[in-house]
Amino acid sequence: MDFGLFAGSTDAYVKVKLDEAKIAKTCIISNSTSPKWNQKFVTFINHIGDKLTIEVVDDDIGKNDCVGIYEMNFKEFVEGGGEFEGGVQLQLDGEDRGQLDIAIRFEQYVPETCDTLTHKVPGCYFPMRENCRVTLYQDAEHGPQPEHEVITTAAGETYVPTGAWKQVYKVLTEATKFIYITGWSVFTDITLVREEGADTRTLGEILIDKANEGCTVCIMIWDEYDDLIPNLVGTHDSDTADYFEDTAVTVKKCARGQAAKGDDAGAFTRLVYTHHQKSIICDAPSVNEDDERLRVVAFVGGLDLTDGRYDTPHHPIFSTLLDKHAAPDFYQNCATVRAEAGPRQPWHDIHSFVEGKVAQDVHRNFAERWIVEDDGSHELCYVGEEEFNLDGDVYEGEDSWNVQFLRSITSQSCQFSYVERARKLKTERGEKIEDTIHSSYVHHIRRSQNYIFIENQYFLGSSHVWGEGDHIPKKATNLIAIELVRNIVEAIKSGNHHSVYCVIPMYPEGDPASMPVQEILYWQTATIRMMYRYIARAIEQEGLDTHPTDYLSFYCIAVRGDEIPEGLAEPETDVEINLREKNRFPIYVHSKMLIADDEYIIVGSANINQRSMSGRRDTEMAVGCYQPNFVYNGEDLPQGDVAAFRKSLWVAHLGEIMEEFENPGSIECMRKVNEIARSNWDKYTADEFDEPMQGHLLPYPITIEQDGTVTSLEGFENFPDTEASVLGCKSSVLVEKLTT
């Protein structure tokens with residue numbers, strides 16, 4: 001770029017917007033009159049906007065001054081072939097402000113060619129790994145049920161679910177060289193296996209014992225910045241660090257950002273954003289009896305090793321308060337009740353165990369973060385080819401998996417050690433940014449031809465297409481919601497049917513009437529309104545007699561009718577009395593999972609919001625997995641392990657596997673699921689508990705009209721047993737980046 005007539009140097013960067021959605025931002029070139037960025041951006045978009053704006057900005061202390069702007073009619077650009085390379089004239093207030101050399105190419109996604117898109121997500125830092133093995137878990141503890149007898153695995157065997165924390169216990173106790181843990185929270189007082197005769201040692205005691213045996217045990221937990229109010233959000237970070245002080249276990253409290261004096265942006269990042277990755281990486285014996293070398297294995301998902309997470313698909317709220325969920329593992333963050341009276345907050349989550357070369361990628365993530373956090377005084381265990389099988393144990397059976405490790409992270413939090421791979425990543429204001437979780441969601445939503453099943457703690461985004469009716473945050477533009485809608489609308493226009501099922505919490509964690517929770521609900525409602533508006537319009541244009549909820553439905557889960565054990569304290573407060581009498585409570589959905597067409601699954605720590613998906617906010621991780629011998633052919637859904645896991649989840653949610661559930665993409669399946677959910681809602685909200693629910697699935701308490709209008713369910717402007725609005729409320733004081 002040449003600023004031409006303008007004297008003096010600048011600290012310049014370039015930002016690119018499509019209408020109001022920011023789609024690219026360069027690094028800063030300091031003290032230059034002719035900066036050269038030479039940066040390449042590959043960006044997903046989901047709307048043909050009216051105007052593409054390229055703005056050069058001078059990054060001054062305290063303010064950012066516009067140097068010059070170039071605007072392009074984007075629709076005309078696309079219609080004219082969608083390709084340009086050359087110099088453009090920057091202007092400001094009618095005056096020329098220099099020339100900028102750019103190259104832009106638009107590539108149209110054509111739905112009919114979706115089968116040409118591979119499972120591998122392009123532009124990722126970590127490659128797709130072949131011949132791996134994946135174990136999927138629902139909740140911390142799970143065992144066989146009679147309903148599982150009709151579910152068959154990829155190996156042709158009856159599906160037998162296993163407990164995540166039992167496997168964690170086994171892997172931790174068998175490790176001989178290293179144990180590495182990343183977590184939003186790690187609580188030393190929990191026990192992993194809660195059966196008669198099981199090891200009663202706490203997690204903290206197990207880790208100290210392993211370190212004393214010679215294992216290198218290292219933990220990275222988020223430093224929640226609780227200087228003013230200790231343990232403000234319940235991570236136990238300071239308690240955990242204190243517990244392991246003067247032991248052989250090394251703990252790093254990791255702040256999301258480092259704020260220098262006067263660095264307001266750094267201070268904001270430090271205060272608001274988190275390290276949200278959840279992983280355990282260990283050595284393990286080879287599965288090949290002839291190979292004495294060790295291998296690397298890893299857990300990745302939504303489960304933190306902390307209080308409140310231990311649960312089963314039955315989700316008891318009272319019956320286990322005197323044993324499995326007694327203090328110190330009583331957890332309730334949505335209602336003010338005593339541990340001795342209850343109810344507890346039931347917890348639903350998804351986790352995974354990965355074996356093969358992908359586990360080494362999870363190990364690489366830990367090492368890249370450790371370099372940033374450690375001062376060099378604590379070396380990690382050397383993983384060399386003499387002692388470890390670095391080719392990874394190869395699983396070449398019919399049921400083998402291909403797996404890709406994905407992240408949301410910046411160079412502020414990790415040192416990207418693969419230089420060539422790092423060149424593929426975005427750069428903003430001097431930071432390398434990896435947002436491959438978002439890329440994977442977009443990529444596989446676009447690939448999907450039959451259905452999408454989502455479970456997630458949050459659901460908001462695509463704010464650039466919300467419309468004029470809602471207060472629109474400028475930086476909640478992740479594409480997941482609008483991509484889901486595009487799939488549905490394209491199916492409607494082509495005479496096909498595509499279904500999207502979304503399971504979310506009844507309300508975010510915390511007091512549902514509080515300002516932050518109400519604002520999150522407000523963004524969620526705005527997102528849902530946008531989605532139904534587009535679907536209703538497509539139904540009307542095609543003259544169909546279907547309803548928007550035949551294509552897209554939102555659900556929550558809850559439990560009612562648990563056994564009250566003898567010896568449980570009598571309720572005292574109005575809240576305790578009401579919840580004991582009603583004997584019901586929402587199950588908190590903490591999952592971060594997407595399943596597409598029974599062939600591909602994403603499991604990780606990332607929520608569907610801007611915090612998790614942008615790459616610049618919370619640090620996240622995930623794995624994208626499929627079995628190459630069980631992929632969708634456009635006709636019959638595959639019957640591999642992804643399908644088996646989805647059906648196991650539906651057994652918990654819906655009570656059984658019905659014939660309609662074999663094809664989730666059909667309108668018959670969607671209507672059957674909605675019918676069961678509505679019946680469950682009537683049973684859950686009845687004054688008296690007369691009839692058990694069929695599973696736990698409820699419709700999200702909103703009404704969708706034929707024209708896509710979204711209102712609260714009649715008679716339920718507030719969530720049951722609360723005074724909190726279902727549709728949420730916009731705050732006038734909170735910073736939007738906190739709640740989006």
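How much space lies in the second largest pocket? The second largest pocket holds about 1,200 Å³ of space. The model is predicted: local features need pLDDT of at least 70, side-chain atom pairs count only at pLDDT 80 or more, and totals for chains, interfaces and linings use all residues. Residues are numbered from 1 along each chain as its sequence is written, and side-chain values use heavy atoms, with hydrogens and water left out.

Pockets and cavities were located on a 1 Å grid over the protein atoms alone. A pocket is an open set of points with protein on both sides within 12 Å along at least five of seven lines. A cavity is a set of points where a 1.4 Å probe fits but cannot get out. Lining residues have an atom within 4 Å of a point. Grid points are joined across faces, edges and corners, and a volume is the space filled by probe spheres set on the points.

The lining of the second largest pocket comprises 40 residues. W184, W222, V233, Y458 and E509 lie nearest the centre of this pocket. Helix 5 (264–272), helix 10 (515–542) and helix 15 (736–739) each contribute at least two lining residues. Helix 10 gives the most, with three residues. Helices (H or I, at least four residues) and strands (E, at least two) are DSSP runs, numbered from the N terminus. By class, 17 residues of the pocket lining are nonpolar, 14 polar and nine charged. Here Ala, Val, Leu, Ile, Met, Phe, Trp, Tyr, Cys and Pro count as nonpolar, Asp, Glu, Lys and Arg as charged, and the others, Gly among them, as polar.

Five cavities of 30 Å³ or more were counted. The largest cavity has about 70 Å³ of space. It is lined by 13 residues, of which I280, L303, D304, L305 and H351 are the closest to its centre. Helix 2 (164–174), strand 9 (178–183) and strand 12 (279–285) each supply at least two residues of this lining. Strand 9 has the largest share, three residues. The lining of the largest cavity includes six nonpolar, five polar and two charged residues.

The second largest cavity has about 60 Å³ of space. Its lining is formed by F453, Y501, V503, Y555, W650, H653, L654, V673 and L697. Strand 20 (499–503) and helix 13 (641–654) are the elements that give two or more residues. Helix 13 gives the most, with three. Eight residues of this lining are nonpolar, one is polar and none is charged.

S185 sits in the loop between strand 9 and helix 3. S185 counts as buried (under 20% relative accessible area, with exposed over 50% and partly exposed in between; 1.4 Å probe, protein chains only), because its relative accessibility is 1%. The side chain of S185 reaches the backbone oxygen of T235 at 2.9 Å. Leaving out residues up to four places away in sequence, S185 touches G234, T235, H236, D304, L305 and T306. Contact means heavy atoms within 4.5 Å.

In helix 4 (residues 237–244), the buried residues are D237, T240 and F244. They lie on the same side of helix 4, because they cover an arc of only 65 degrees around the axis. The arc is that of the directions from the helix axis to the C-beta atoms. These buried residues pack against helix 3 (203–212), strand 10 (216–222) and strand 11 (250–254). Just after helix 4, D246 takes a positive phi of about 65 degrees.

Definitions and conventions:
Polar contact = N/O pair within 3.5 Å; in protein donor to acceptor, adjacent residues only side chain to side chain.
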